[in-house]
Amino acid sequence: MKRITSLALGAVALLAAAPAQAQYNQRIGNDLSRCRGSGPAVLVTVEGVSQSAGTVRVQSYRGTAADWLQSGRWLTRIESPARAGTMTFCVPVPSAGSYGIAVRHDVNGNGRTDLRTDGGAMSNNPSINVFNLGRPSWRATAFAVGEDVRRITIRMRYM
């Protein structure tokens, strides 16, 4: 009986851990209707897209040192064909809390960062320079999201 109880508890623990891991790396479409009702979600306006070539990628992260810009720790990713000027994205988040958004314009669509042509930007529009290697701290990019839709504007930067 003790062994069955231990196995059952282990199975419950495994099932409870699965959703926590499943929260990462979710590729979603840009469904603007999800930002017309209740949240939690972030309506992201990206200004200054240089040209209608390649793709724009918007990724959300938890606003923590453990997650911000860490490999495999993004929550959601939206990729759309680039449109020069301003683009808008609806980024749902799992719950109220602290988040950060990273945007990348892959001008030639090759999936790699080309410093001479590609653009980048982050929530709160922090300074991006050679001293921080284009990776501002999570504190510089984090913002609060409640139960509603939070609106933010991000300005693209190119070299």
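This is a chat about one predicted protein model.

Biologist: What kind of model is this, and how are residues numbered?

Modeller: The model is predicted: local features need pLDDT of at least 70, side-chain atom pairs count only at pLDDT 80 or more, and totals for chains, interfaces and linings use all residues. Residues are numbered from 1 along each chain as its sequence is written, and side-chain values use heavy atoms, with hydrogens and water left out.

Biologist: How many helices and strands are there?

Modeller: Two helices and ten strands. Helices (H or I, at least four residues) and strands (E, at least two) are DSSP runs, numbered from the N terminus. From that end, the order is α-β-β-β-β-β-β-β-α-β-β-β.

Biologist: How much of the chain is buried?

Modeller: Buried residues make up 36% of the 159 residues. Buried means under 20% relative accessible area, exposed over 50%, and partly exposed in between (1.4 Å probe, protein chains only).

Biologist: Which way do β3 and β4 pair, parallel or antiparallel?

Modeller: Antiparallel, over six bridges. Two strands pair if DSSP finds at least two bridges between them. Arg-57 has Glu-79 in β4 as its bridge partner.

Biologist: And what about β1 and β4?

Modeller: Strand β1 (residues 26–27) and strand β4 (residues 76–81) pair in the parallel sense, over two bridges. There, Arg-27 stands opposite Arg-77 in β4.

Biologist: Back to Glu-79. Is it buried, partly exposed or exposed?

Modeller: Glu-79 is partly exposed, because its relative accessible area is 41%. Its side chain joins that of Arg-57 in a polar contact of 2.9 Å. A polar contact is a pair of N or O atoms within 3.5 Å; within protein, one must be able to donate a hydrogen and the other to accept it, and residues adjacent in sequence count only if both atoms are side-chain atoms.

Biologist: What else does Glu-79 touch?

Modeller: Leaving aside neighbours within four places in sequence, Glu-79 is in contact with Val-56 and Arg-57. Contact means heavy atoms within 4.5 Å.

Biologist: How far is Glu-79 from Arg-104?

Modeller: They are 9.5 Å apart in space, C-alpha to C-alpha, and 25 residues apart in sequence. Arg-104 is in strand β6 (residues 97–106). Arg-104 counts as buried because its relative accessible area is 16%. Its side chain makes a polar contact of 3.3 Å with the side chain of Thr-113.

Biologist: New topic. How many aromatic pairs are there?

Modeller: One. The rings of Tyr-61 and Trp-68 have their centres 5.2 Å apart and their planes at 75°, so the pair is edge-to-face. The rule: rings of Phe, Tyr and Trp (its six-membered ring) pair if their centres lie within 6.5 Å; planes under 30 degrees apart count as stacked, over 60 as edge-to-face and the rest as tilted. Tyr-61 and Trp-68 are both buried.

Biologist: What is the polar partner of Tyr-61?

Modeller: Gln-59, with a polar contact of 2.7 Å between the side chains. Gln-59 lies in strand β3 (residues 55–62). Gln-59 counts as buried because its relative accessibility is 7%. Residues that Gln-59 touches include Trp-74 and Arg-77.

Biologist: What sits over the ring of Trp-74?

Modeller: The charged end of Arg-77, 4.2 Å from the ring centre. A charge sits over a ring if NZ of Lys or CZ of Arg is within 6 Å of the ring centre and within 35 degrees of the ring normal.
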